[in-house]
Amino acid sequence: MSLPQPPTITKQSVKDYIVDPRDNIFIDCEAKGNPVPTFSWTRNGKFFNVAKDPKVSMQRRSGTLVIDFRGGGRPEDYEGEYQCFARNEYGTALSSKILLQVSRSPLWPKEHLDLVEIDEGSPLTLKCNPPPGLPPPVVFWMSSSMEPIHQDKRVSQGQNGDLYFSNVLLQDAQTDYSCNARFHFTHTIQQKNPYTLKIQTTRGVMETTPSFMYPYGTSSNQIVLRGVDLLLECIASGVPAPDIMWHKKGGELPTDKTKLENFNKALRITNVSEEDSGEYFCLASNKMGSIRHTISVRVKAAPYWLDEPQNLILAPAEDGRLVCRANGNPKPTIQWLVNGEPIESAPPNPSREVAGDTIVFRDTQIGSSAVYQCNASNEHGYLLANAFVSVLDVPPRILSPRNQLIKVIQYNRTRLDCPFFGSPIPTLRWFKNGQGSALDGENYQRHENGSLEINMARKEDQGIYTCVATNILGKAENQVRLEIKDPTRIVRGPEDLAVKRGSLVRLDCRIKHDSTLKLTVTWLKDDTPLYIGNRMKKEDDGLIIYGVAEKDQGDYTCVASTELDKDSAKAFLTVLAVVSAPTNRMTALPKERPERPRDLELTDLAERSVRLTWIPGDDNNSPITDYVVQFEEDKFQPGLWHNHSRYPGSVNSAVLRLSPYVNYQFRVIAVNEVGSSLPSPPSERYHTLGASPEINPTGVQGAGTQKNNMEITWTPLNATQAYGPNLRYIVKWRQRDTRESWSNETVRTTRHVVWNTPIYVPYDIKVQAENDFGRAPEPDVIIGYSGEDLPSVPRYFRIRQPNLETITLEWGHPEHPNGILTGYNLRYQAFNGTKTGRTLVETFSPNQTRFTLQRTDPISRYRFFLRARTQVGDGESIVEESPAPLNEAYTKNHVDIATQGWFIGLMCAIALLVLILLIVCFIKRSRGGKYPVREKVEVLDHEDHKVDDPSFDYSDEDNKEPPGSHTSLDGTIKQESDDSLVDYGEGGEGQFNEDGSFIGQYTVKKDKEETEGNESSEATSPVNAIYSLA
């Protein structure tokens, strides 16, 4: 039967919560209660609607807020003051107000630092002024070459980050000085521009008395909060550098929590309390004199608890009280809330009365359960505590296991526990052996928690004890059986002995103990476990040492122990030297591997441990250095031995840590400098009890083997990790960044294949171990990916031809990579008309998106085929061709125009008109007239205005035959004539419109070479007129 319980906050984030902007934000809020509480949040005092923001969610069965930035977003947008509310039908509990701030690592402001010129021996302060980070950065000084600045009592860094020189020496100019700021979350270091010093030297540095560089003046004040560290600082200048000493007026420095730092320039007092208030002074002195600075310290205090309110369980009609007492400086104010609302505005409750820091409840009734909050606050902070008042009607219940067995040594003190619960609070009585009267008397002491303490257990106290809890609703009882055992005593222990080397020694240890308890006897030599070698023999009542040697001298302790008590006895063994005749020849004994250990014994059997004891074999003249304990189990790998642990050669007993549900068998191997012994005969088997697994599989991976699947694999648990029968694995997966529920499958292999997956999408994966006893803890989430496919074509493919020597290619990553891009393949070939060159291939890394091709000739064009590549293979090609060369483009356009019908008709009309004009001129010439004929023809390249305008040279000689036209090597058709077109243009040069056609007009121009006046006023040439019309 579960009891109703109002909510109780069990976990929450700290009040001042600074987060890393690179990570998702988790604001903790967990609570317990019955029924399970539901959660809500406020932000900056207003309801925070988690469902409206897709980036924000709450963890399942928890109020923890998760703000996910994997899809983008600014963490700074979520800064503010958060508070969590946990509710069920019996009340509402509140978390503290959590101030969420995002860590900041601002850049150092740009500044120019001038050369610092200073006289030798003068004091100097180099300012740091680090950028204000959140949290504040750690400041340190280095040179620009990242060498640390040596600090001592003359040169040191202050708490504010500045670097102080008590006096400057010439050697200080040998380096520069740069202040560095290291930011906590980003682990980045920002460096200030370095200071450079120029030291002005003098004939001699004058010695000076000390003067304070920080703090200034003769006195200052400092306020510190109770419980934090007080840090006082004094930095002084002077030649030579002064020494600093600290004192407290009217008292001594608290030595147990005082620490001097920074070459005595700083005094730290940890965990400050009110008695640390007072006046402190630092004394700076050198051989020229001394000065002092007084610091008046006042200790203030944020609120701290004197009596924190505790949960209260009341029965109907029962009285009770909640007490909330806090102290601070200034004294805090107390405010009560109920279920998160000020108690003044809560519904009236006649059974409740508020009296300052106490709430009194009288005659409470069922249904008045609630959670009360106490807020104690002053100007330095606040405390918030939740305490529920639960009104229950519950019969008594015993909470301890039934029928316990308690063993105790005679005449020792013991306690019988009987925890109980009920409402109203039950009364508890103890009875012995069913007797009707309750136990009472000097030998018995009853405690409020239900325990019965027996001051001195005697034989007559043995028996069965019954505890009975009773209230008006019923009673409950439980029994405890008490057994009184005889003490363990060494009745004859070892005695101090002095024996000759080589003789036999017996050390006694006779023991009396309770026969129902298992006895263990161990020997110590010089307070460490004794290695029982082949020269020693442990018997039930003593220890025998054969052939005593000098190394056997020392303290010997016999320890007799049971599960309840132990006894010990000690003696000192002295070994006397034996005088022997000298020998002329020493023969070294041969060294061999040790004999194997024997007689393995398992004792102190427990669920997770066992003690293994063995008898060492002969060391064969080479001391045993180590023992290796091995184990074998017969479920997973029968017959295969594994190393368990290793122990020094001086021990012959060890407690072995065991795993659940393993049928162990052990053996021991001895090791000396020669080698290892044969394994000992195996011990008897010991089967540990089962348990649920404590760890999950490692090496969890998810990767696709085909484009529509994901194979999940892991490293299975071994025999000592299974912890129980029927080991299996619960495999869970879901597509990442979606709200879909987990899919799961239970398998007994080490792999599972998920089919019908989208191409290359991330999945959350968990693999949890389970056996018949239960499951392992919740596993970590691993990110895997489904199978890859061929990538799509690159997003774009651009070809530029900046000149005739190179071609530049640029492309974008595929819009759908369908996997991890492994690179790009580029095939290309040159072509000129119908002729093609050989195909060339280039491969590029996945990050390269640009390539420059050196042309082999300026005329050929290139055809390019570009594919992206994943591990599956190459995707579809995108095909592009390089631009046509300029002269080829012109020829192509010229041919296109010449084949047009309108152009052919126009040319025919022009030819007819020219023929008529020629006939007229011929007739006039035949009649004696003289006409200079200057045909002016110019054919211009229409395609590219960047190419130089071609000109045509015409001869002025009338008797030269007009040559025919011919085609140039670059494909441009050129016409030749006797006259130059320059003579006919108004500006001396032809002009072209935007499409390259000629717009200059041919006009008559006086021929500078002609002397005939009657020819200087000729009409406009008909040819020019025709070209103007055209």
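Me: Between which two strands is the loop that holds Asn129?
Reply: This is a predicted model, in which local features need pLDDT of at least 70 and side-chain atom pairs count only at pLDDT 80 or more, while totals for chains, interfaces and linings use all residues. Residues are numbered from 1 along each chain as its sequence is written, and side-chain values use heavy atoms, with hydrogens and water left out. Strands (E, at least two residues) and helices (H or I, at least four) are DSSP runs numbered from the N terminus. The loop with Asn129 runs between strand S13 (124–126) and strand S14 (138–142).

Me: Is Asn129 buried or exposed?
Reply: Buried means under 20% relative accessible area, exposed means over 50%, and partly exposed is in between (1.4 Å probe, protein chains only). Asn129 has 53% relative accessibility, so it counts as exposed.

Me: What is the phi of Asn129?
Reply: Asn129 is not a glycine, yet its phi is positive. The value is about 50 degrees.

Me: What is the relative accessible area of Asn44, where phi is positive as well?
Reply: Asn44 lies in the loop between strand S5 (38–43) and strand S6 (46–48). Its phi is near 55 degrees, a positive value in a residue other than glycine. Asn44 is partly exposed, because its relative accessible area is 48%.

Me: What is omega for the cis peptide bond that joins Asn329 and Pro330?
Reply: Pro330 has its place in the loop between strand S31 (325–329) and strand S32 (333–338). For the cis bond between Asn329 and Pro330, omega is about 5 degrees.

Me: Which side chain makes a polar contact with the side chain of Asp172?
Reply: Asp172 is found in the loop between strand S16 (163–165) and strand S17 (178–182), and it counts as buried because its relative accessibility is 6%. A polar contact is a pair of N or O atoms within 3.5 Å; within protein, one must be able to donate a hydrogen and the other to accept it, and residues adjacent in sequence count only if both atoms are side-chain atoms. A contact in general means heavy atoms within 4.5 Å, and residues up to four places away in sequence aside, Asp172 touches Phe165, Asn167, Tyr177 and Leu197, among others. The polar partner, at 2.9 Å, is the side chain of Arg154.

Me: Which residue's backbone nitrogen does the side chain of Ser369 reach?
Reply: Ser369 sits in the loop between strand S35 (358–361) and strand S36 (370–378). At 14% relative accessibility, it counts as buried. Beyond four places in sequence, the residues it touches include Tyr90, Val389 and Ser390. The backbone nitrogen reached, at 3.0 Å, belongs to Val391.

Me: How far apart are the C-alpha atoms of Lys566 and Pro487?
Reply: Lys566 lies in strand S56 (residues 566–576) and counts as exposed at 62% relative accessibility. Leaving aside neighbours within four places in sequence, it is in contact with Val559, Ala560 and Ser561. Pro487 is 79 residues from Lys566 along the chain, and their C-alpha atoms are separated by 8.2 Å.

Me: Which strand gives the most residues to the lining of the second largest pocket?
Reply: A pocket is an open set of points on a 1 Å grid over the protein atoms alone where a 1.4 Å probe fits, with protein on both sides within 12 Å along at least five of seven lines; lining residues have an atom within 4 Å of a point. The second largest pocket is lined by 25 residues, with Ser57, Val66, Arg70, Arg734 and Thr738 nearest its centre. Strand S7 (56–58), strand S66 (728–735) and strand S69 (762–771) each give two or more residues to this lining. The most, three residues, come from S7.

Me: What secondary structure does the span 902–923 have?
Reply: UniProt, in an unreviewed entry, places a "transmembrane region" at residues 902–923; such annotations may be inferred rather than shown by experiment, and the positions are in the numbering used here, with feature names shortened. The end C-alpha atoms of the span lie 32 Å apart. It has 0% strand and 100% helix.
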